[in-house]
Amino acid sequence: YGVATVLFVDEVHRFNKTQQDALLPGVENGWVTLVAATTENPSFSVIAPLMSRSLLVTFSELSENEVTNVVIRAITEPRGLNSAVSLEPEALEMLIRLAGGDARRALTVLEAAAGVALGNSHTEISVDDISSASDHNVVRYDKAGDQHYDIISAYIKSIRGSDPDAALHYLARMLEAGEDARFIARRMVIFASEDVGLADRYGLDVAVAAAHALEHVGLPEAQLNLAQAAIYLAVAPKSNRVALAIWNARTAVSNGATGEVPPHLRDGHYQGAATLGHGVGYEYPHDSPSGWVDQEYLPEAQRGQRWYEPSPHGEEHEIEQRMNTRTTNTTRPATRPSHGASQ
């Protein structure tokens, strides 16, 4: 008819290869403008010839404000609930969290909750109505208020207190309430250095791996990675000596505890450096059979300061023993060979 036609195919990944092939002539000849939707990865579920002739647009989950606007329109629009019901502010917040960025889920729960409210002879949808409609026990949780800070505080303190069951409880409450899982993962990465530190050197590896897994896998599957990290950190030996070391060192520096870099530690790789004494007298630890030489690294004004004090817990006990049993080996080569990392 000389009129451009738009052909919309929903769930195009359900078409088999032959059916998708049948779309190609219409697309190539311009008979139709094909718009296809899929919830699968099109690289695997859509044939290559069709993909090469298409523009791929990825839709991300809606923001809370966007879902809120959809819900409000659904309540007020004549095509929707036509203002027959209203939402308690807390119920609206719970509905948005349950939606998880999916407007369709928000509308489905809203419609069911409106039926529950009207069936109970009231027009204001409550949290209990949302719970009944969604068949889901809504966790009372304010992501910007007291519950947010109280529960994450209890979570961290439970891990610090080596109680994996309490940690899992608070982790589950945050996940059920729709807390940003990236926020939880970031707090565990911080905790791994602040409260476990070198008492278990793998703690940071586990926490970082869980954070990476969350980015690659996403929820709900990544709950397994977060739980594994939470349990590992909870049962790990604890030490805050890494945190104390950097906090105390920075406090000292901010209070003026600095000093000149010792001459033997300064860069000696430029012409004339030796005449200034830069790098002169530096002893290369790798030339010692023990891998350690007795030389001063702190500025003159800070000699004797010790910021890192290992605890007797976990692997830090071994670190303390190594630090306390260093000995000087006086047998060294007369001339040191050139090393790429000699500074």
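In which helix is the place of S158? Good morning. S158 sits in helix α9, residues 146-160; helices here are DSSP runs of H or I with at least four residues, numbered from the N terminus.

The model is predicted, so local features need pLDDT of at least 70, side-chain atom pairs count only at pLDDT 80 or more, and totals for chains, interfaces and linings use all residues. Residues are numbered from 1 along each chain as its sequence is written, and side-chain values use heavy atoms, with hydrogens and water left out.

S158 counts as buried because its relative accessibility is 11%, where buried means under 20% relative accessible area with a 1.4 Å probe, protein chains only. Setting aside residues up to four places away in sequence, S158 touches D163, A166, A167 and Y170; contact means heavy atoms within 4.5 Å.

I turn to a helix pair. The axes of α12 (residues 202-217) and α13 (residues 223-235) come within 9 Å and cross at roughly 165°. The two helices are therefore roughly antiparallel, the term for angles over 145 degrees. Y202, G203, V206, A207, A210 and A213 of α12 meet N225, A229, Y232 and L233 of α13. By class, these residues are eight nonpolar, two polar and no charged.

Finally, α14 covers residues 241-254; its 14 residues reach 20 Å from first C-alpha to last, close to the 20 Å expected at 1.5 Å a residue. Within α14, A243, A245, A249 and A252 are buried, and their cover includes α11 (181-196). After α14 comes G256, with a positive phi near 100°.

How values were computed. Axes are lines fitted to C-alpha atoms, for helices over the stretch in contact, and angles run from 0 to 180 degrees between N-to-C directions. Angles under 35 degrees count as roughly parallel, over 145 as roughly antiparallel, 65 to 115 as roughly perpendicular and the rest as oblique. Ala, Val, Leu, Ile, Met, Phe, Trp, Tyr, Cys and Pro count as nonpolar, Asp, Glu, Lys and Arg as charged, and the others, Gly among them, as polar. The expected span of a helix is 1.5 Å times one less than its number of residues. Buried means under 20% relative accessible area, exposed over 50%, partly exposed in between (1.4 Å probe, protein chains only).
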